[in-house]
Each structure stands twice: as structure tokens, then as C-alpha cells.
Amino acid sequence: MNAALLEHQTLLASARREFSEGAPLPENLLAPPVRRSWERLRASGMQQRETPQLQPRVTRPQQLEGNADRRLARCAQHDMDQLWSAFGGRQWLMFCVNTQGLIVAQREHGLTDSPLLRPIQVGRQLRESHLGTTAPTCALAEDAPTLVRGNEHYLDHFTAMFCLSVPLHGLEGEVTGALDITGLGERDPNYLLDYFRQAALSIENRLLQECRPCHLLALQHDVRWLNTPLQGLLAIEENGRIRAANRVARRLLGLPRRGPLPELTLDEVFACANVHQRRRLLQAGPARRVRFSEDSALQVQYLRAPVSRRGSVAIPATSRDAVKGSLRAQGIQAVRDAVDGHRGNISAAARRLGISRTTLYRKLQQGD
């Protein structure tokens with residue numbers, strides 16, 4: 001433990017004793033989420049010397065989860081495996097909790113012998129009111145990455161532990177769980193946080209990919225960020241409406257950070273793109289540059305078509321015809337709008353759309 005951390009922990013030890021006697025906490029001694037947790041627990045009457053009250057573990061954890069919990073566990077498993085291979089150890093464990101603090105997935109060392117770590121198992125519920133201040137309960141309550149180590153824990157029982165958690169978000173940007181590493185010892189929290197934030201984005205991308213009845217699009221300004229946790233993802237319904245967007249896509253497109261998306265279609269989002277670019281948005285192929293605004297563009301890649309309940313990627317013939325007809329009608333309407341916008345100047349409208357005058361005439365005739 002370095003000198004600065006040791007000094008901080010010494011100050012915390014003194015502040016904990018005084019806080020338990022009713023004194024206020026010194027400013028900037030605790031991160032805001034941890035500070036608010038301490039204040040809630042003192043107001044509830046919990047004493048720092050109390051023994052934590054672990055909730056009974058569900059006796060058959062493999063059957064405890066509903067569909068949402070099974071989906072969360074499934075989507076988190078790959079990234080937890082990757083993190084465990086890098087940061088796992090005998091005195092450490094990783095787990096994923098749902099919004100109620102129920103552990104739905106876990107990685108641990110088979111020879112863990114710590115009485116502090118052994119009770120943390122799938123099927124156990126972690127509650128602030130029973131365990132005091134912990135990183136996963138703070139991450140869920142505050143929607144923020146949280147570190148709790150040593151004397152930052154409210155209960156004396158856990159002052160030997162280190163835990164770091166990052167929140168996970170669902171299809172509407174809501175908190176849907178948290179990813180945590182807990183152990184005995186010390187780790188570089190900034191280093192861990194970078195990896196866990198990346199893992200959280202990856203898990204959220206997997207959750208969005210579970211929108212099986214939807215087309216899936218990836219987008220980013222830099223093509224090198226596609227196929228990474230930093231890619232934006234859009235789930236598109238058959239009628240072109242945007243069903244869901246991950247955190248990155250919401251930022252890229254200027255959409256609300258959380259909550260239901262506004263009623264938007266893919267064509268409305270890419271209104272500045274020409275008709276050829278919009279027509280190819282739902283076509284397979286490499287990433288394509290698509291104009292997003294007057295002075296910016298996005299790299300967009302079509303990832304997959306809707307997936308049936310049996311897992312096959314397919315669109316019924318009637319749906320394909322409907323989509324094809326809808327796109328054709330949208331293309332014709334775009335041509336008409338361009339001509340109207342240029343007051344009947346065919347040459348100017350064709351340049352705006354990136355097509356020839358002959359093609360523009362033909363599309364106008366198709367719409368008659």
C-alpha cells in the first residue's frame with residue numbers, strides 16, 4: 001500500500017469512529033456515492049460494529065432466474081471469463097448482479113478459503129440494509145462506477161476487502177445490473193476501471209443483440225471502432241423505426257441518455273444522406289460512409305437481419321416484399337422532396353441526390 005493510500009485509510013479510520021458518534025464527515029474524504037450510503041445507513045440506525053446479515057441463498061440457483069436474469073447472465077459470461085483470466089485469483093472473485101442485487105453469474109477460484117468471499121455466490125442477494133456500504137449496491141443506486149476499499153466500507157466486518165463495480169444498462173438506458181470484482185488485497189482501481197467499463201459496454205451490446213425481431217446496425221465515426229465495445233448499435237424494426245440504441249449510439253446521434261427513444265425512423269436519423277446511402281442502410285456488406293449532418297458522417301455497417309424464435313436469421317417473403325416496397329416508396333418520395341425543395345430545378349435536385357437527371361426522371365415516372 002503506497003503512502004498516500006495508507007494516509008487516506010488512516011484518516012478514514014478516524015472519521016469512521018467520529019461518524020458513528022454523530023459527527024459529520026470531512027469534505028472530500030469519500031466519493032459522493034459512498035458518502036450518501038454512509039449517511040443512509042447511519043440514519044437507519046445501523047452500527048459499524050454490527051455483523052452483516054447475509055440473506056439466505058436460493059437453494060436451486062440454476063432455476064431462480066427469470067428470462068431477464070438468464071439473459072443478463074448469458075450476456076455477461078464471455079466478458080467475465082476474459083476479465084477473470086486477467087485479474088482472477090485465489091483471493092478474488094467476480095460476479096454480476098441484477099437490479100435487486102441478486103447474483104446471477106459468478107467467477108471464482110476453486111480453492112478460495114476466505115470466510116469473507118465464500119458466502120458471495122450465485123443466488124445470494126446483496127442489500128445495503130444488510131451488508132452496509134458495498135460497491136455493487138452503490139453502483140446500482142447511483143448509476144456510477146464505484147470503488148469501496150478498506151475503511152470506506154461502513155461495517156468493520158468488511159474493512160479488509162476491495163471491491164469495484166460498474167453499472168450495466170438495458171435497452172432504454174436504465175440500470176439493469178452491475179459487474180463487480182471483489183477480493184482481499186489491493187489493485188490499481190484506475191487500471192481496473194478502464195477494463196471494466198469496456199466490459200460493461202460489451203455486455204450491453206450483447207443485451208441489445210438480443211432484440212431478435214430487429215435488424216441490427218453498427219455505427220461509429222471511425223471505422224476502426226466497429227466490431228469493438230465502442231461501436232454504436234441500433235435495433236431497427238421492419239417499419240424502419242428505431243427500437244433500441246446502446247449508450248454509444250445515443251451519444252453519436254444526440255439521443256436522450258436514458259428512457260424510451262423518441263419516435264424516430266432510420267430515414268429521419270439520416271435525413272442528410274442521399275437516397276442511395278439511405279437505401280443501402282439495411283443491405284449487407286462492408287461499412288459504408290453515410291452523411292449524418294451537413295458537416296459530419298458516420299461509418300455504418302449492417303450486422304444482421306431479424307432472427308426468428310428458432311435462431312435462424314431470416315425475413316419472411318411477405319416482410320421482404322413489404323420492406324422492399326417501403327424503401328422504394330421512400331426513395332420516390334425523397335426524389336419528389338428534392339425537386340420541390342429546388343423549385344422544380346431537375347439538375348439541382350439530381351446533384352443533391354447524387355444521381356443523374358435520367359435516373360431522377362425515371363423515379364418520378366415510377367411514382368406516377
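Me: Taking Ala, Val, Leu, Ile, Met, Phe, Trp, Tyr, Cys and Pro as nonpolar, Asp, Glu, Lys and Arg as charged, and the others, Gly among them, as polar, how does the lining of the second largest pocket divide?

Reply: In this predicted model, the lining of that pocket divides into 13 nonpolar, 4 polar and 1 charged residues. Leu-116, Ile-120, Leu-131, Phe-158 and Met-161 lie nearest the centre among its 18 lining residues, while β4 and β5 (175-184) are the elements that each give two or more residues to the lining.

Me: And what about the largest pocket, by class?

Reply: The lining of the largest pocket has 6 nonpolar, 5 polar and 5 charged residues, around a volume of about 270 Å³. Helix α3 (residues 67-87) gives the most to this lining, with 4 residues, and the residues nearest the pocket centre are Ala-68, Arg-71, Leu-171, Thr-176 and Leu-207.

Me: Switching topic, is Asn-246 buried or exposed?

Reply: Asn-246 counts as buried because its relative accessibility is 6%, which is under the 20% cut-off. Its place is in the loop between β8 (242-245) and α7 (247-253).

Me: Last one: which residues touch the most other members of the largest nonpolar core?

Reply: Those are Trp-38, Phe-95, Val-97, Ile-103 and Tyr-154, in a core of 30 residues. A second, separate core has 26 residues, including Ala-73, Trp-84, Phe-162 and Leu-207.

Terms used. Residues are numbered from 1 along each chain as its sequence is written. This is a predicted model: local features need pLDDT of at least 70, side-chain atom pairs count only at pLDDT 80 or more; totals for chains, interfaces and linings use all residues. Side-chain values use heavy atoms; hydrogens and water are left out. A nonpolar core is a set of buried Ala, Val, Leu, Ile, Met, Phe, Trp, Tyr and Cys residues joined through side-chain atoms within 4.5 Å. Buried means under 20% relative accessible area, exposed over 50%, partly exposed in between (1.4 Å probe, protein chains only). On a 1 Å grid over the protein atoms alone, a cavity is a set of points where a 1.4 Å probe fits but cannot get out, and a pocket is an open set with protein on both sides within 12 Å along at least five of seven lines; lining residues have an atom within 4 Å of a point. Grid points are joined across faces, edges and corners, and a volume is the space filled by probe spheres set on the points. Ala, Val, Leu, Ile, Met, Phe, Trp, Tyr, Cys and Pro count as nonpolar, Asp, Glu, Lys and Arg as charged, and the others, Gly among them, as polar.
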